[in-house]
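Trainee: I am new to this structure and would like to learn how to read its features one at a time. Could we look at it together?

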Amino acid sequence: MQEQNLINYLESLVDKKLEKQSDAIVLRITNFLNQSKKEDLSAKEWLSSKETETLLKISAVTRWEWSKKGILNAHKIGSRLRYRKDEVLQALIKIESKKGIKITFVT
């Protein structure tokens, strides 16, 4: 009987140790993903109108209407319109949060 108690005790210790390790791993992965998201949002990558439409899965008319309404912020560079990727992603987060959809960035 003492042997079984010892086995149960050891199993309990192993379970607790594994749980702590798995919690630590999940925390590190979460921190990494959050940091990656911040770095991606802070990157000042410029998108063309077509790239913006593709990223948001919208038509040219919708992109134009959203720019007119201030949902998207168009920047004129030379004779062309460009959109900052970080601003486009922030707009997407706002739009989807109003719809009640959770956005998750995967790197």
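Mentor: Let us begin with the idea of pairing: two strands pair if DSSP finds at least two bridges between them. Helices (H or I, at least four residues) and strands (E, at least two) are themselves DSSP runs, numbered from the N terminus. Here, strand 1 and strand 3 (residues 80-84) run antiparallel and are joined by two bridges. Please keep in mind that this is a predicted model, in which local features need pLDDT of at least 70 and side-chain atom pairs count only at pLDDT 80 or more, while totals for chains, interfaces and linings use all residues. Residues are numbered from 1 along each chain as its sequence is written, and side-chain values use heavy atoms, with hydrogens and water left out.

Trainee: In what order do the elements of the chain run from the N terminus on?

Mentor: The secondary structure comes to four helices and three strands, and from the N terminus on the elements run α-β-α-α-β-β-α.

Trainee: What is the order of the three strands in the open sheet?

Mentor: The order is 1-3-2, with antiparallel pairing. Strand 1 (46-47) and strand 2 (74-77) are the edge strands, each of which pairs on one side only. Strand 2 pairs with strand 3 over four bridges, in the antiparallel sense, and Lys76 has Leu81 in strand 3 as its bridge partner. These two strands form a hairpin with two residues between them, and Gly78 in the turn has a positive phi of about 65°.

Trainee: Which residue in strand 3 does Leu47 stand opposite?

Mentor: Leu47, which is found in strand 1, stands opposite Tyr83. The C-alpha atoms of Leu47 and Tyr83 are separated by 5.0 Å, although the residues are 36 apart along the chain.

Trainee: Is Leu47 buried or exposed?

Mentor: Buried means under 20% relative accessible area, exposed means over 50%, and partly exposed lies in between (1.4 Å probe, protein chains only). Leu47 has a relative accessible area of 6%, so Leu47 is buried. Across the chain of 107 residues, buried residues make up 21%.

Trainee: How should I read a positive phi?

Mentor: Most residues other than glycine have a negative phi. Lys57 is a residue other than glycine with a positive value, near 55°. Lys57 is found in the loop between helix 2 (49-56) and helix 3 (60-69), and with a relative accessible area of 74% this lysine is exposed.

Trainee: How many salt bridges does the count come to?

Mentor: A salt bridge is a side-chain nitrogen of Lys or Arg within 4 Å of a carboxyl oxygen of Asp or Glu, and by this rule the count comes to four. In one of them, Arg63 meets Glu53, with the closest N and O atoms 2.6 Å apart. Because Arg63 lies in helix 3 and Glu53 in helix 2, the pair ties together parts that are ten residues apart in sequence. Arg63 is buried at 11% relative accessible area, and Glu53 is also counted as buried, at 9%.

Trainee: Which residues are joined with Arg84 into one network?

Mentor: Arg84 forms a salt bridge with Asp86, where the closest N and O atoms are 2.5 Å apart, and the side chains of Glu87 and Arg84 meet in another at 3.9 Å, N to O. Salt bridges that share partners therefore join Arg84, Asp86 and Glu87 into one network. Both Arg84 and Asp86 are buried, whereas Glu87 is partly exposed, with a relative accessible area of 24%.
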